[in-house]
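Welcome to this short tour. Have the sequence and the 3D view open side by side, and follow the chains as they come up.

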There are 4 protein chains.
Amino acid sequence: MPLTPEQQAEIDAQRSATSQTLRATAPGIEAHLYQAKPVLDHGLVRAIDYMGDDAAIVQAARVSYGRGTKAVSNDEGLIRYLMRHWHSTPFEMCEIKLHVKLPVFVARQWIRHRTANVNEYSARYSVLDREFYIPAPEHLAAQSQQNNQGRGDVLEGEEAQRVLDILRDDSNRAYDHYEEMLGTDGQQGLARELARMNLPANIYTQWYWKTDLHNLFHFLRLRADPHAQYEIRVYADAIAQIVKDWVPLAYTAFEDYRMGGAHLSRGAVEVVKRMLAGEQVTQETSGLSKREWAEVMGVIG
Amino acid sequence: MPLTPEQQAEIDAQRSATSQTLRATAPGIEAHLYQAKPVLDHGLVRAIDYMGDDAAIVQAARVSYGRGTKAVSNDEGLIRYLMRHWHSTPFEMCEIKLHVKLPVFVARQWIRHRTANVNEYSARYSVLDREFYIPAPEHLAAQSQQNNQGRGDVLEGEEAQRVLDILRDDSNRAYDHYEEMLGTDGQQGLARELARMNLPANIYTQWYWKTDLHNLFHFLRLRADPHAQYEIRVYADAIAQIVKDWVPLAYTAFEDYRMGGAHLSRGAVEVVKRMLAGEQVTQETSGLSKREWAEVMGVIG
Amino acid sequence: MPLTPEQQAEIDAQRSATSQTLRATAPGIEAHLYQAKPVLDHGLVRAIDYMGDDAAIVQAARVSYGRGTKAVSNDEGLIRYLMRHWHSTPFEMCEIKLHVKLPVFVARQWIRHRTANVNEYSARYSVLDREFYIPAPEHLAAQSQQNNQGRGDVLEGEEAQRVLDILRDDSNRAYDHYEEMLGTDGQQGLARELARMNLPANIYTQWYWKTDLHNLFHFLRLRADPHAQYEIRVYADAIAQIVKDWVPLAYTAFEDYRMGGAHLSRGAVEVVKRMLAGEQVTQETSGLSKREWAEVMGVIG
Amino acid sequence: MPLTPEQQAEIDAQRSATSQTLRATAPGIEAHLYQAKPVLDHGLVRAIDYMGDDAAIVQAARVSYGRGTKAVSNDEGLIRYLMRHWHSTPFEMCEIKLHVKLPVFVARQWIRHRTANVNEYSARYSVLDREFYIPAPEHLAAQSQQNNQGRGDVLEGEEAQRVLDILRDDSNRAYDHYEEMLGTDGQQGLARELARMNLPANIYTQWYWKTDLHNLFHFLRLRADPHAQYEIRVYADAIAQIVKDWVPLAYTAFEDYRMGGAHLSRGAVEVVKRMLAGEQVTQETSGLSKREWAEVMGVIG
């Protein structure tokens, strides 16, 4: 449970204070605002603010004076056309701001998405809380033998218990020592900017993260993908739920043309054409490497 | 007058449709939303949407769960501290979307600010309107003799008239020929993407332009500066009025620490110190080049 | 012919001054350095500098201390894997700087690629040359009737002649007036920053443009595409020739997995699967819109 | 000593392989290429590649065909003018690629500079080495009592020893457990992407980092500043030495106009003017806050 009663009370207060605005408003995301979606054992995602809606995408594409008078079906067709043809700038006209609490090793992957605005909790300035990510037993996966950056079977029994004990004990000890080095009030303790170096990568941090819809879709495509590490994928999934309610037309187009689609290479297109012409194509006769052949069969097989 | 009755009616409709929202709302900018501020002879700036307010800057700086309970005076002090010490990320948490109608030669300067989202009216896809910037007589400036990219005295009399005649005649002729090349309905005309090349740089284009407050301040610092070309400065001035009403604390800090301040070089700081110690410093004894000496005297003289 | 004898002499001088370096050197692009590739009637592309080669991509992917000891075949496999799986950061480790002379309307499209460094010739500061793009007769295309931003048949006969006459006459007149407004030496003329507004969009400008290989590939994918406007496509084609010689392995991967490939939507993948299973699928039974069906058939038909 | 004999041998090999190039070459940085500058106890900075030199900055500013024929004194004046007037694009025409080995908590600060290209060693894919940053006794600073993100006195005696013991013991235990969780060959161990979460923030990582000179100067201004954390400042200092030899004119201008200069607010400029006019100004009569008054006195006092 990531929220204290005080935090929940603050969220309730935020949700009870309604304002009048002339701006484009998206009812689907208003229902999410400020609410904490729990992620992992102590993490969360909260939508804090947004700009624009499906109509804003269309408006930008048309660069019209008003919001347009076209029927919704036309808006949908235009949004799908824009997505299919990789027109990215209209999607950049929508913006979202999230509050995220996440383990440091997840934050380190996430921050590689550079086209975003970030304000992270500062461990130079403040003291971090004693909150560490400890995987649930069903996510305690072994190293994959096939894939250098993938997971294999789930560890079980004593093996699993041993890992959980290490992660818990080391986290707690590291935090005890962190506090000890910081010292108590009145005592001269180690500078916070130094003491933090003792904390492991499963400690939680938090940040405000703001990005536009085009770059958010790019983030989701990479991080909601089955090849992404589970611990960042659950954040991407939580965000995807919010986006779906915020810009339903754009999100459906994203699912159809990005998440659910596939990119075929020049060689793969040739293979498909030969197969459709009735030819029996094998990896050997395909001209594709074994690895790519397996990938293509994974798409169309 | 940049608006047709239809456009004004659309704006009125937009301004009459109020929604409820849980988002941070800034009353100062709500009063501006959708309204067209006239700029130059046919240009305009309209605030279309915004995200955040002064409190959002503070909230990001504190990465707190709520909007904070500190008194306004503290918020002001923090915002001024952030501005003075070039902490840019909290200001990035605010975002604004503008609709701008502007001459192409102004758009060409403006677009050099890369950290922004832009959707411009497409002259490949659509036909441009017959609207050209013709300077008002008081802005018809001669080339500066001192400054290679500056203006000198205002042209007068026949000289001015001759220039205005050229600009008007050439614009109109270019547009007549543009239309002629496009052809009339039913006739096979030149492709729009080719015909547009005949149009001069004073024709008006329009775009939706969206950026965060940090990058907007950077834009204003460069483009509201007296050294900026007059024709872009008037746009920066119009935007500055909107920003002032949107985030009054941040804007005042920006005026005090950016627009109204001055950057002194290492050498200039030494000169000031020597002067304050009672020394009579001249350009020759200052160690500064003539050009920099003149610039420093312009600041403290 | 875009070069004066003085310019050609300078290029010859640059090409005759060899230095010793410890940096990674790519012989394929050394042969291009400083050479002017003519584009359109007065335009050009010149490679001015570069950083990295195919091996630098591999080195970054491996973050090794040295350049690696793997055989070339492994490098090729890794580069193809990186391209296939959209790993962009290793390609960002290569950088290229180009000198480009191009019509203003092409520059206006080009500049929309924001992740690049640009220094453009300043018409505030300097006087532009009398050089305008006039299309060759075989590129004088009519507006497409099917595609709002496409070209149809080539104009012929009197119609073509009329267009060419307009473009030539208006360009020349605009330039005569530009010069007249600037005034002659000793006379007080209109400021350059104002006079330039009379010049049409087919006047040539020039810039230094620097970008990394990942963003360059993105540029080429969009601008060397058959749907791009001819006048920018010829620049993309000229650059592609340089890139091919600079990083041959990466370029071939780019051709196979980007330029020559195709993206299929979720629905299109389903259609392909059904077809491969022997089903007779039509647009009506495909679940795809007419437009998307036509696009998919264009890929696999 | 951060280098193994094998690594040193590789560097020696790289330094012995000279190539011919037509590119701009900067002898000052050639002497640094590939060499490892030790930083902290196990860190390093190595210049791997560069593009451009002082002349390339001038060339971009002039957008000339050649490298220009102006005397060096003119180049210097132009570079100083560009720096003084915040013209950033010519400096973007130079690019540098560095190999850096650094503690994770330093990497987390560093990565906030978004306008750069990065390839980091992947702990999902590979196993990290047993190398941890342990501060030298003279850098074991207490928390500042004045400044929430600063350092005070150095810890001494038992207190210091206790801190060092904790950092060393916890690092080693965390690494032992990391290895244990990974398992030995043949045994099924925890996935690397999970095991890494047990490692503290003082473990070393490494990356290739590439940026342009303008953004590098911005990095140096913030990170070579006395207010930056010591552990990142030493990296900035090591890089500054390389830059100084690479582009000596630009670096000197940077020192004079950025590092060594000061920004005065509108209010501070007024204070200086009043003082120069002979007035006795105090904090109370200055109109400045206590904090800003102290900062201004720190500059001119």
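Predicted model: local features only at pLDDT ≥ 70, side-chain atom pairs only at ≥ 80, totals over all residues.

## Strands, contacts and cores

One pair to look for here is Val45(A), which stands opposite Val100(A) in β4(A).

Strand β3(A) has another antiparallel partner, strand β2 (residues 37-39) of chain A, to which 3 bridges join it. There, Lys37(A) stands opposite Val45(A). The hairpin of β2(A) and β3(A) has 3 residues between its strands, and Leu40(A) takes a positive phi near 55° in this hairpin. Is strand β3 of chain A mostly covered or mostly open? Strand β3(A), residues 43-51, is mostly covered, with 9 of its 9 residues buried.

### How chains A and B meet

Next, look at where chain B touches chain A. The contact takes 39 residues from chain B and 39 residues from chain A. On the chain B side, the elements that each supply at least two residues include α1 (5-16), β1 (19-21), β3 (43-51) and α3 (54-62). The largest share of that side comes from β8(B), with 5 residues. By type, the residues of the side of chain B that touches chain A divide into 15 nonpolar, 13 polar and 11 charged.

Strands take part in this meeting too: strand β1 (residues 19-21) of chain A runs antiparallel to β1(B), joined by 3 bridges. In this pair, Ser19(A) stands opposite Thr21(B).

How can chain B be laid on chain A? A turn of 180° with a shift of 0.0 Å along the axis does it, giving an RMSD of 0.0 Å. The two copies are thus related as by a two-fold rotation axis. To find the axis from chain B, go to Gln20(B), whose C-alpha is the nearest to it in that chain, at 2.4 Å. The copies meet through the same surface, because 100% of the interface residues of chain B are also interface residues in chain A.

### How chains D and B meet

Chain B also touches chain D, where 19 residues of chain D are in contact with 19 residues of chain B. On the chain D side, two or more residues each come from α10 (248-259), β9 (262-264), α11 (266-276) and α13 (290-300). Helix α11(D) gives the largest share of that side, 7 residues. The residues on this side of chain D divide into 9 nonpolar, 5 polar and 5 charged.

Here again a strand of one chain pairs with a strand of another: β9 (residues 262-264) of chain B and β9(D) run antiparallel, with 3 bridges between them. His263(B) stands opposite His263(D).

| Strand pair | Bridges | Direction |
|---|---|---|
| β2(A) and β3(A) | 3 bridges | antiparallel |
| β1(A) and β1(B) | 3 bridges | antiparallel |
| β9(B) and β9(D) | 3 bridges | antiparallel |

### The nonpolar cores

In soluble globular proteins, nonpolar side chains tend to be buried together. Which residues touch the most other members of the largest nonpolar core? Among its 314 residues, they are Tyr235(A), Tyr235(B), Tyr235(C) and Tyr235(D). The largest share of this core, 10 residues, comes from helix α9 (residues 230-246) of chain C. Another core, of 13 residues, lies apart from it, and its members include Ala268(A), Val271(A), Trp293(A) and Leu288(C).

### Positions from the record

UniProt, in an unreviewed entry, places the feature "binding site" at several residues of chain A, including Gln109(A), Trp110(A), Tyr121(A), Arg196(A) and Arg223(A). The annotated residues are spread over 115 residues of sequence and, in space, up to 29.0 Å between C-alpha atoms.

Tyr121(A) is found in the loop between β5 (117-120) and β6 (141-143) of chain A. It counts as partly exposed, with 17 C-beta neighbours inside 10 Å. Beyond four places in sequence, the contacts of Tyr121(A) are Ser126(A), Thr205(A), Gln206(A), Trp207(A) and Val63(B).

Arg223(A) has its place in helix α8 (residues 213-223) of chain A. Arg223(A) is buried, with 22 other C-beta atoms within 10 Å. Not counting residues up to four places away in sequence, Arg223(A) touches Ala228(A), Ile232(A), Arg233(A) and Ala236(A).

Conventions:
Residues numbered from 1 in each chain as written. Chains lettered and ligands numbered in written order. Contact = placed C-beta atoms within 7 Å. Helix = DSSP H or I, 4+ residues; strand = E, 2+ residues; numbered from the N terminus. Nonpolar A, V, L, I, M, F, W, Y, C, P; charged D, E, K, R; others polar. Pairing = 2+ DSSP bridges. Core = buried A, V, L, I, M, F, W, Y, C linked by C-beta atoms within 7 Å. Buried ≥ 20, exposed ≤ 12 C-beta atoms within 10 Å, placed from the backbone. Least-squares fit on C-alpha atoms with pLDDT ≥ 70 in both. UniProt positions renumbered as here; feature names shortened; annotations may be inferred.
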